[in-house]
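Trainee: I've got a structure to look at and I'd like to talk it through. Can we go step by step?

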Amino acid sequence: MKANDTLTMKAYDIQAMQQKWKQYWVEHDIYHVPNDSDKPKYYVLDMFPYPSGAGLHVGHPLGYIASDIFARYKQLKGFNVLHPMGFDAFGLPAEQYAIETGQHPETTTNNNIATFKKQLDNLGFNYDWKRQVSTCDPKYYKWTQWIFLQLFKSWYNIANNKAEPLETLIEKFEANGSTGVQAGGVDELPTFSAEEWQQKSAQEQADILMSCRLAFQSYATVNWCPALGTVLANDEVKDGFSERGGHPVERKKMRQWALRVTAFAERLLNDLDDLAWSDAMKEMQRNWIGRSEGASIFFQIADSEETFEIFTTRPDTIFGVSFMVLAPEHDLVKKITTTEQKEEIDAYLAYAGAKTDRERQQEKKVTGAFTGAYAIHPFTQEKVPIWISEYVLIGYGTGAIMAVPSDDERDEAFATKFNLPIIDIIDKSKYPGATQKDKLGIMINSDFVDGMEVPDAIKAVNQRLEEMGIGKGKVNFKIRDALYSRQRYWGEPFPIVYDENGTPQAISESELPLTLPPVESFKPSGTGEAPLARVTDWVNTAEGKRETDTMPGFAGSSWYFLRYMDPDNEDNFVDPKVEQYWQNVDLYIGGTEHAVGHLIYSRMWHKFLYDRGWVSTNEPFKRLVNQGMIQGRSSFAYRIKNTNQFVSYNLRKDYEVSRLHVPVSMVKNDVLDTEAFKQFRADYADATFILEDGKYVCGAEIEKMSKSKYNVVNPDDIVAKYGTDCLRLFEMFLGPLEHGKPWNTDGIEGVSRFLKKCWNLFSIDESDKAQVSDAAPSAKELKAIHKTIKKVSEDIERLSFNTCVSAFMECVNELNSLKSKNKTVLRDLTLLMAPFAPFITEEFWQSLGESGSVHLASFPTYNPEYIKESTKTYPVQINGKVRAKIELPVDLKREDAEAIILAHQKVVKWVEGKNIRKFIFVPGKIINIVV
């Protein structure tokens, strides 16, 4: 039927509509996800957020909206979809805030979580909040501690290529000693027999076992920040200062817990081939793992019993060695430095110690210092000077290199700077275009490998090294074991006590969770001990002294995806049957900032749990997508120097000005609200303005969203003005999910108008009924909607959400042009849009007389018969130029086409009175006439 003109149409009240359906979803628990469904499972996951005090800005929800759309779509397609949310709640920012304000980090964290949840709920996500996890909740970190204990009680058996209980290693030692034992991530075990193992003291046995454990203690050079009282990761340090607070950072050797990630390196690398991740992401992982084949070589130090090991991928170049370089932190540096060089070395150690590994790698300036000591070349017996330099890192390889300046750019720059010999050893003349990095050429000036091709020389040198007992072929990895200690309060306590010998012992699993005790002060001790060290009643137990360090931020985030499956289980981190149902994450969405560390650690933990039989899959994340960053569009005002007068953007070149950020909330279409600006800060109260056409026009620039740039846009403000559906559609419409894109609030108006068009299309009256027709849809209506069903179905699977939004707009325009009010067509449109615009589509669904929630219905399927084209518009060329475009039936025969075309008025005027030499008809493509 047609809309009755006497009916009063329902107002498009966004806020009332959202409140209504939020309440409905809660009351009917429509987002409840069972663990025992007959439906096929699909697991969609976002990288969970750290709940900062600032809350969300419009850039944060991009990935969340995308995952929500896909999760809703999969549910409509008949899947049981797990799409949970939680919080990565331990972290240094909360602790620093506690130090500054005295508030307990648990209080501020819980407040921040409440703010985040409110904002997330405002965005219409289909989370089952009963599955929420928080890494700082003792019910959660009980299992983080449990997994740590299993790592502590395990080793990696290379023979079986898997992690195993430590008991299997002890059995091997008791039966055959160290013979035949290969422990992953361990360079070399000491040699001993079964009898010698039994004769070792308990402490000696414990030390050997510690060197094999997957969670272990060792001394490591770390970024120590005395002011923050903790070890910092490389990405938390900039120019020798902490990123948070700008405090000085020094390089310091400390006893640290670590996870033996290197034991899993080969699998972490090889298993990338089976993952549906982007090539770029896989390459980032491969580069971080950094597998290389080469040789391990030991060099003797002249006039000393000391030796040191180097790893090289090019043992063939050993005759080109003209100097050695040690990392400044290498244990030998202070031992071998001569008295004459001590002052220079000490000064250089202070210089290098103030820089992180990342800063040293990025340093372009060539620096170094000579120790005064020499190594003995293993083949020529010549003395080779030993230097130290920041470009050699203690954490990579052995912390020492043999420098071959004729075959390495860094070595060449160093030799040139310090006037050291450069010995040519490879003739590449047979290989035009070959570079230093290419393993090509004929060996020269290279003793017993002279005249050999490079690959043959590599084999020959490796063989000679093994014969001499001073080296061997080896596979090396750039990836390092993960430091796992933090000297702070706000983190998971280690379930470890130290016995009377200072040996770490696991506490009983029945004591888990080991919870954080109250403390009087969150401030660091400054001595390297964590705040927990002050809580003596907690530290001192009958079993020994507790570990006072806490676990790092990545501890809880390395396995959280498993806990969502079974968040309330008190007996297991996940029930085996539940885990076998959900298995692993089908689609994981998050930012590229987690491209390396988080993914490496999560994959390593998952492989460990798989090896030990606690999970059923080898990898945690099947498909990974990194969303691009939504950047801010900053606005600027231009103050004339030494005045409080501001000149408009296009007039600024006539003055000497300074550029100042202004809050984007005061700017619309680049025009500044000058009165609001004057109230922004006290020193702007008497500001005056030089206008253009009566307006103050601001400058603009695309930058990262930041409070300091005043370009942060709060999604709550957008939702309050335009509604959740509008924000969701707009963020998807901005461009491809993986691409970076600028935010411009002015652009949201177009999406808002589109939603109003949709609303008008349904003509909902005050009784919540759409004024629609129950008649059969016309062929044009069916074509319009089924073309859209096909497009959207295909594009959602590709996560091409921006093109889906475009398709909705085209469809609505087409239905409007057809004056369509067909119920069948509008029902399908509602289902198509439901994942994108969850609120307005609930209203549409109800208005069509449907029961229940639209989100529990079924996604439409397209019928190819409805979108078949019955006609085709042909470009008609006459002597090579298009003179007309004529619509013809698609099944038209050539002779019929020729008759119609030659009689068409647009063609007649070009061919009349002329001889038709050729008539070319290519069905479905083109018509060409030659006269």
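Trainee: Let's start with Lys607: does it count as buried or exposed, and at what relative accessibility?

Mentor: Keep in mind that this is a predicted model. Buried means under 20% relative accessible area. Lys607 falls under that cut-off, so it counts as buried, at a relative accessibility of 0%.

Trainee: Which residue forms a salt bridge with Lys607 at 2.5 Å?

Mentor: Side chains of opposite charge can pair when their charged atoms come close. Lys607 sits in helix H20, and its partner is in the loop between helix H9 and helix H10, 336 residues apart. With the closest N and O atoms 2.5 Å apart, the residue is Asp271.

Trainee: Now for Lys668 and Glu749: how far apart are the N and O atoms in their salt bridge?

Mentor: This pair links strand S28, where Lys668 lies, with helix H24, which holds Glu749. Lys668 counts as partly exposed because its relative accessibility is 46%. Glu749 counts as partly exposed too, at 25%. Their salt bridge has an N to O distance of 3.9 Å.

Trainee: How many salt bridges does the count come to?

Mentor: The pair Lys607 and Asp271 is a salt bridge, and some residues are linked in a network, namely Lys10, Lys20, Asp768 and Glu843. The count of salt bridges comes to 44.

Trainee: Which side chain does Gln771 join in a polar contact of 2.9 Å?

Mentor: Gln771 is in the loop between helix H24 and helix H25. Its relative accessible area is 3%, so Gln771 is buried. The Gln771 side chain also reaches the backbone oxygen of Lys769 at 3.1 Å. The side chain it joins at 2.9 Å belongs to Asp765.

Trainee: Last one: how many residues are in the largest nonpolar core?

Mentor: Phe148, Leu259, Tyr484 and Phe801 touch the most other members of this core. Leaving aside neighbours within four places in sequence, Tyr484 is in contact with residues including Phe148, Leu259 and Trp605. A second, separate core has 39 residues, Phe308 and Met443 among them. For the largest one, the number is 177.

Technical notes
Residues numbered from 1 in each chain as written. Predicted model: local features only at pLDDT ≥ 70, side-chain atom pairs only at ≥ 80, totals over all residues. Heavy atoms only, no water. Core = buried A, V, L, I, M, F, W, Y, C linked by side-chain atoms within 4.5 Å. Buried < 20%, exposed > 50% of the residue type's maximum accessible area, 1.4 Å probe, protein only. Contact = heavy atoms within 4.5 Å. Helix = DSSP H or I, 4+ residues; strand = E, 2+ residues; numbered from the N terminus. Polar contact = N/O pair within 3.5 Å; in protein donor to acceptor, adjacent residues only side chain to side chain. Salt bridge = Lys/Arg side-chain N within 4 Å of Asp/Glu carboxyl O.
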